[in-house]
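Please look over the sequence and the fold shown here. A short report follows the picture.

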Amino acid sequence: QLCAGEGVIVVGGGNSAGQAAMFLSRTVAHVHLLVRATGLAATMSDYLVQRIASSPRITLHTQTEITALLGDDTLTSVTWTDRASGVSETQAIGNVFVMIGAVPNTGWLADCLGLDPKGFVPTGLRSDGTPALSPYATVVPGLYAVGDVRAGSVKRVASGVG
């Protein structure tokens, strides 16, 4: 509901990313599925690959990675780059869902946000230790973490998409 009618990005090439893309495509304007690999066949179930390929509301961008996130108080646009061609594209997108596995790839956050000993993002508390208004809020105002990256979360696509 948060992003109904808007364009969104799902990053990842596994089943969780495919399921998230299919789920989101029911309510959002368009899903851009970004994967670093040359395709999905090696990392995703064939039935999901076929459903994604046949959906007019999902565009698969292979050999692609996010190269810029822009916005002041909230995310307003995202730039991604095709690693094979070097061509970059920027779109007005305010929601990015990162579905890249059960081992968190959060090292890039360490300078702006404290991580737990296993590299997961603590949520639900303010910097003074009092409960945050949202269970997904981090200690950085306006920065939220959902799904597999959250410390103590159930590592399932349903919690991330929810």
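The text goes from the whole chain to the sheet, then to a hairpin and a few single residues.

This is a predicted model: local features need pLDDT of at least 70, side-chain atom pairs count only at pLDDT 80 or more, and totals for chains, interfaces and linings use all residues. Residues are numbered from 1 along each chain as its sequence is written, and side-chain values use heavy atoms, with hydrogens and water left out.

## The whole chain

The protein chain has 3 helices and 7 strands. Helices (H or I, at least four residues) and strands (E, at least two) are DSSP runs, numbered from the N terminus. From that end, the elements run β-α-β-α-β-β-β-β-β-α. The radius of gyration is 16 Å, close to the 15 Å of the globule rule for 162 residues, so the chain is as compact as a globular protein of that length. This radius is taken over C-alpha atoms, and the rule is 2.2 Å times the number of residues to the power 0.38. Along its principal axes, the C-alpha trace spans about 50 × 30 × 30 Å.

Buried residues make up 37% of the 162 residues. Buried means under 20% relative accessible area, exposed means over 50%, and partly exposed lies in between (1.4 Å probe, protein chains only). Contacts are heavy atoms within 4.5 Å. Of the contacts with a separation of 6 or more, 46% join residues 24 or more positions apart.

## The sheet

Which order do the 4 strands of the open sheet have? The order is β3-β2-β1-β7, with parallel pairing. Two strands pair if DSSP finds at least two bridges between them. The edge strands, β3 (58-61) and β7 (96-98), each pair on one side only. From one strand to the next, the twist averages 20°.

Strand β2 (residues 30-34) is joined to β3 by 4 bridges. Here L34 stands opposite H61 of β3. Helix α1 (residues 15-25) lies across β1 (7-11), β2, β3 and β7. This helix runs at about 170° to β1. Axes are lines fitted to C-alpha atoms, for helices over the stretch in contact, and angles run from 0 to 180 degrees between N-to-C directions.

V11 sits in strand β1. Leaving out residues up to four places away in sequence, V11 touches A17, L34, I66, V96, F97, V98, M99 and I100. The C-alpha atoms of V11 and R36 are separated by 8.8 Å, and these two residues are 25 apart along the chain.

## The hairpin

Strands β5 (residues 77-82) and β6 (residues 88-91) pair in the antiparallel sense over 4 bridges. W80 has E89 in β6 as its bridge partner. Between the two strands of this hairpin lie 5 residues, and G86 takes a positive phi near 80°.

## Single residues

Q63 lies in the loop between β3 and β4 (64-70). Q63 has a positive phi of about 50°, although it is not a glycine.

| Residue | Relative accessible area | State |
|---|---|---|
| C3 | 5% | buried |
| Q63 | 26% | partly exposed |
| C112 | 48% | partly exposed |

How many disulfides does the structure hold? The structure holds 0 disulfides. A disulfide is counted as a pair of cysteine sulfur atoms within 2.5 Å.
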